[in-house]
Structure formats: C-alpha cells, structure tokens
Amino acid sequence: MSGFKELMEKRRAVRDYEDRSVPVSLIRELLTDACEAPSGGNRQPWAFSVVTDKKMIRRLSDESKKNLLADMKAVRSPILRMYRPILSDESFNVFYNAPCLIYITGPKDVHSAVADCSLAAAYLMFSAAERGLGTCWIDLGSSIKDQGLLDELGITDDRRIIATIILGYPGAIPGKPPRNEPRILKIIE
Ligand SMILES: Cc1cc2nc3c(=O)[nH]c(=O)nc-3n(C[C@H](O)[C@H](O)[C@H](O)COP(=O)(O)O)c2cc1C
C-alpha cells in the first residue's frame, strides 16, 4: 500500500489505455471504495452506471459531442468554443478508447449531491491509482440527453450526471501538470 503522498503523485489524468478490459469484480471493488467518501448527512446519494461495451462507449461519446456542439451554438461560451475543433472531429472519442466508463449520478433534489458525488469520484480515482489502474474525469462526456441512452444507463429523470470517469490499464502515464502554490486569502490566528 502506498502512503497518501505517494498515491497523490501516482494518480494522473490518464488518456492512453491498453486494449485490455478491467474485470467487473475489480470495478466493484473500486465502487465500494468510492462509497467510503464522506457525504452531507451521510446520505450517500451517489449511484453508478458502468459501461464496458465499446460500442456503447462510442455512442455516448458521439451523443455528448453532438450536444456540446449544439450548446455552443446556443451559448456563446469562449471555453466551450475552444473545444469546437476536437468535438467536430468525427474520429475523436472523448473517452480516449478507455475500456470502461463510469457515470456517477446524484438526485437533482439533494443539495449536497455535487459535492458528494465529486468526493466519491475522487475516492474512486485514488482507489484505481492504488491498484495500478488509470482514470480521467471526462466532462466532455457528460452531456447525455437522449432518453434511450439514459434509459440504457439506468439514469432516471430525478437524477443527473455529476461525474464521468474513464478507467483502464494505462498505456502512457503523463507527467504531473504544474500546480500553483495554495492561494491563502488569510490565516487568522
Ligand atoms: C471536473 C473535471 C473535468 C475534466 N474534464 C476533462 C475532459 O473532458 N477531458 C479531459 O481530457 N480531461 C478532463 N479532465 C482532466 C483534467 O484535465 C486533469 O485532471 C488536469 O489537467 C490535471 O491533471 P492531473 O489529473 O493529472 O493532475 C477533467 C478534470 C476534472 C476535475
């Protein structure tokens, strides 16, 4: 077992995966670890939709790309517009051909759901890193609106996607992108 400091260094946003599937038993272990995350009132509002079917992952990538491109037309967001070239590229898979994709969803009416599910995502990513697996949070893959796809994922109307995490055995592990020093506004002693 690595120390936490070592584990923090080990977890990187991995965008290159081996063509090797992750056993469902192992994915279940990661989900159990994700549930160790703290949550408001210990409500544990998260739920997981796991996809290992390559064709389905591709369909979800195409759906999200389509919706983000449509959103770009409606909202003049410079950040979204930055992604237009890659989203317009038909061959681009927002999930980087990872063999597993996990949506973490929370109830729309639970105030702390975004924080709770994001914490579960962090626990999941650390648990994966500890086991030599790679992950990356893929916001570009979160825009799923098609009712058929949502039904297939088991995401009911009262829930929304909060975290989208890809998982697999890493090919290349990138170096650590630089971090800023903590911006401390004040320490009042
Ligand atoms: C909320 C969130 C959304 C992200 N969305 C994407 C994404 O859509 N595509 C992608 O390639 N990486 C995405 N990332 C990964 C970040 O780019 C990555 O975490 C960051 O560059 C720092 O690298 P590190 O995770 O190795 O420390 C996302 C990360 C977070 C936390």
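The model is predicted: local features need pLDDT of at least 70, side-chain atom pairs count only at pLDDT 80 or more, and totals for chains, interfaces and linings use all residues. Residues are numbered from 1 along each chain as its sequence is written, and side-chain values use heavy atoms, with hydrogens and water left out.

Start with helix α3, residues 54-74. Helices (H or I, at least four residues) and strands (E, at least two) are DSSP runs, numbered from the N terminus. The expected span of a helix is 1.5 Å times one less than its number of residues. At the start of α3, a side-chain oxygen of D53 comes within 3.2 Å of the backbone nitrogen of K55. That is a polar contact: a pair of N or O atoms within 3.5 Å; within protein, one must be able to donate a hydrogen and the other to accept it, and residues adjacent in sequence count only if both atoms are side-chain atoms.

Several α3 residues are buried, among them M56, I57, L60, L68 and M72. Buried means under 20% relative accessible area, exposed over 50%, partly exposed in between (1.4 Å probe, protein chains only). The cover over the buried residues of α3 includes β1 (47-51), α4 (78-82), α5 (84-88), β2 (100-107) and α7 (147-153). N67 sits in α3. With a relative accessible area of 8%, N67 is buried. Leaving aside neighbours within four places in sequence, N67 contacts S143, I144 and K145; contact means heavy atoms within 4.5 Å.

Now turn to β2. 8 of the 8 residues of β2 are buried, so this strand is largely enclosed by the rest of the structure. In a regular strand the side chains alternate between the two faces of the sheet. Both faces of β2 are covered. One side holds C100, I102, I104 and G106, the other L101, Y103, T105 and P107.

Two strands pair if DSSP finds at least two bridges between them. β2 pairs with β1 in the antiparallel sense over 5 bridges. There, A47 has T105 as its bridge partner. β2 also pairs with β4 (residues 159-168), again antiparallel, over 8 bridges. Y103 is partnered by T164 of β4, and L101 stands opposite I166. Strand β3 (residues 134-137) runs antiparallel to β4, joined by 4 bridges. Here T135 faces L167. 9 of the 10 residues of β4 are buried, so β4 too is largely enclosed by the rest of the structure.

Next comes the ligand. Residues around the ligand include R11, R12, R15, Y96, W137, D139 and R179. Polar side-chain atoms of Y96 and R179 each lie 2.7 Å from an oxygen atom of the ligand. W137 uses its backbone: an N or O atom lies 3.0 Å from a nitrogen atom of the ligand. Taken alone the ligand exposes 620 Å², and the protein buries 66% of that. Accessible areas come from the Shrake-Rupley method with a 1.4 Å probe; for residues, only the protein chains shown count as cover.

Last, the backbone. Most residues other than glycine have a negative phi, and most peptide bonds are trans. Y96 has a positive phi of about 50°. Y96 lies in the loop between α5 and β2 and is partly exposed, at 25% relative accessible area. N42 also has a positive phi, near 50°. N42 belongs to the loop between α2 (24-34) and β1, and counts as exposed at 52% relative accessibility.

Conventions
A residue is near a molecule or strand if one of its heavy atoms lies within 4 Å of it.
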